[in-house]
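This report describes one chain of a model, its contact with a partner chain, and the packing around selected residues.

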Amino acid sequence: MFNLILRRIGIAIPVLLTVITLTFLMVHSAPGGPFDEEKAVSAEVLAKLNEQYNLDQPLYVQYFDYISGVLVGDFGPSFRFPTRSVTELISIGLPVTFELALYSILFALCVGVLAGVLGALRPNTALDYIPMSTAMIGICIPSIILGPILILVFGIWLEWVPVRGWGYMPGDKILPTLTLGTAYAAYCARLTRGGMLEVLNQDFIRTARAKGLSETRVVVVHALRGGLTPVIAFLGPAMAGLLAGSFVVETIFGIPGLGRFYVEAAFNRDYTMILGSSIFFSILIVSFNLISDLVAAALNPKLRD
Amino acid sequence: MNNTLWKDAFDRLISNKLSLFSSIYLLFIIILALITPFIAPYDYAYQDLNLGPSAPSALHWFGTDTLGRDLLTRMMYGSRVSLMVGFLATIVALTIGVIWGTVAGFAGGKVDTIMMRIVDVLYGIPFIIFVILLMVIFGRNLILLFMAIGAVEWLTMARIVRSQVMSLSKQEFILAAEAMGVSRTGIIYKHLIPNTIGPVIVYATLTVPQIMLLEAFLSFLGLGVQAPLSSWGLLIRDGAASMEEYWWLLIFPSLAFSLTLFSLNFIGDGLRDALDPRTSGS
């Protein structure tokens, strides 16, 4: 187990360094400086600005300055809003995005695991086919379609729920959660079904049944532990997908989260904001991958080779 | 190559109704996209501002958008962009992945370790962020878009090919070829690549919808294809913006796009079952 942790961290560190270096170089190789558009700036002011943002230093000095800043949680100022820093925007946006991701993953786990277990217990019956074909639809309909259609049907035509915002009105968190969570619910269902089918055929399950344990106990206590391993291993990559999905969902529903800030920064060409949040996103995603790998290994001894 | 294997696989694919219908639909969409410039009812950028947004009618089958542009025409031109990005990026990913995986699997030892460690590291990088970054920094260039997407989607392909090559290269016919003095390059091109082609085709079929989705994602966010050009992602974005009054602007592009994603996924699944009967039913 200890070796596994070391090996995973051994991969995570070069990943992060690659990300930081690539992002940094890409942003700095962008054609034209960040102040190009403000034409009326005099040479003197430009020099001042460059000094303020450290742009007068050689690139490698800026690079090491930046890395040492990131290590203490300072992702630099925003070019567009000089009074705000990237760290500040992250601290405003992160809790919102995190809440959205959490609700979505909870929704995905509840619906997905339930559907998957039912399918695995009654394979090749209607109880299996109907949820699994629904899951296929859920995977194939992307959030850019699901979001607007949910808004159109439940928000505009039926007027059941508000269609914009996050925490402004009761019920406005429902549609974003559904939009972001549905595809993951579908993946969870398929993974659970596959994992459970494999486990349910094994000898220790037959033993448990032969001992006369109730079906509920066999499924919940014995089979789920092994059957859920694929789902848990999937949670890390799912987190990456959820964050990317938050770009779309937060834009559609006007949610003031990290994803929308990121898209706005990309739109405004706010280079330092993009640099900072790209690196921050990468750290988050790499950490979640690491954690889900380790949890999966802790649950399933076979993965600890 | 073994002809009966491919004929068997084809028969199995056709006998699966879902993948049969999916194949027909996809073929229809592809042919339509190819002949669009000759049959499109209007010009994709032509605006009829006097008409404005109009509901589906005999003149405009799918209606017109807020600028009076014919939606059917824009969907047909959009399909060209979406499909082109999907297929070209997949070809880029396929080429890099197959070569990388074959070399790593065949070379083995240190070379293999280093090459796969590079894949491991790249795998951990959240590429959606890099693609967005590329779009922001180098402008919204379509060629660059699919090159970038293709260049980041080859990793899984490389892994699949490598494991396939490793199990193949231990088999006797490779040993026989080596004993007969076939060069390494010869073995790779004549024996290894043809034998890994099954799983590669399956994965490639499933990569196309992923890439089309990524393009739609970017265009939806306003970071991909720009008007007056059109792509399905862009049309869905425009449709979502005005769906309150003009639902058809959202519904038709969404339908076309979802159906295409569906059929590609079903064909991929069908191909997997057809090419490897052992995994069917999973």
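Read from the N terminus, the elements of chain B follow the order α-α-α-α-α-α-α-α-α-α-α. That amounts to eleven helices and zero strands. The model is predicted. The C-alpha trace of chain B extends over about 75 × 45 × 35 Å along its principal axes. Chain B has 282 residues, of which 45% count as buried. When contacts in chain B between residues at least 6 apart in sequence are considered, 68% of them join residues at least 24 apart.

**Contact between the chains.** Chain B contributes 32 residues to the contact, and chain A contributes 36 residues.

**Nonpolar core.** In soluble globular proteins, nonpolar side chains tend to be buried together. The largest nonpolar core in this model has 153 residues. Residues with the most contacts inside this core are Cys188(A) from chain A and, from chain B, Val131(B), Ile132(B), Ile149(B), Ala216(B), Phe217(B) and Ile236(B). Helix α10 of chain A, residues 229–253, provides the largest share of the core, 16 residues.

Ile236(B) has contacts in both chains once neighbours within four places in sequence are left aside. In chain A it is in contact with Ile144(A) and Ile145(A). In chain B, the contacts of Ile236(B) are Ala216(B), Phe220(B), Leu250(B), Pro253(B), Ser254(B) and Phe257(B).

**Surroundings of Gln164(B).** Helix α7 of chain B, residues 155–169, contains Gln164(B). Is Gln164(B) buried or exposed? Gln164(B) counts as buried because it has 21 C-beta neighbours inside 10 Å, and the cut-off for a buried residue is 20 or more. Not counting residues up to four places away in sequence, Gln164(B) touches Thr196(B) and Pro199(B). The C-alpha atoms of Gln164(B) and Ile197(B) are 9.6 Å apart in space, while the two residues are 33 residues apart in sequence.

Terms used. Residues numbered from 1 in each chain as written. Chains lettered and ligands numbered in written order. Predicted model: local features only at pLDDT ≥ 70, side-chain atom pairs only at ≥ 80, totals over all residues. Helix = DSSP H or I, 4+ residues; strand = E, 2+ residues; numbered from the N terminus. Buried ≥ 20, exposed ≤ 12 C-beta atoms within 10 Å, placed from the backbone. Contact = placed C-beta atoms within 7 Å. Core = buried A, V, L, I, M, F, W, Y, C linked by C-beta atoms within 7 Å.
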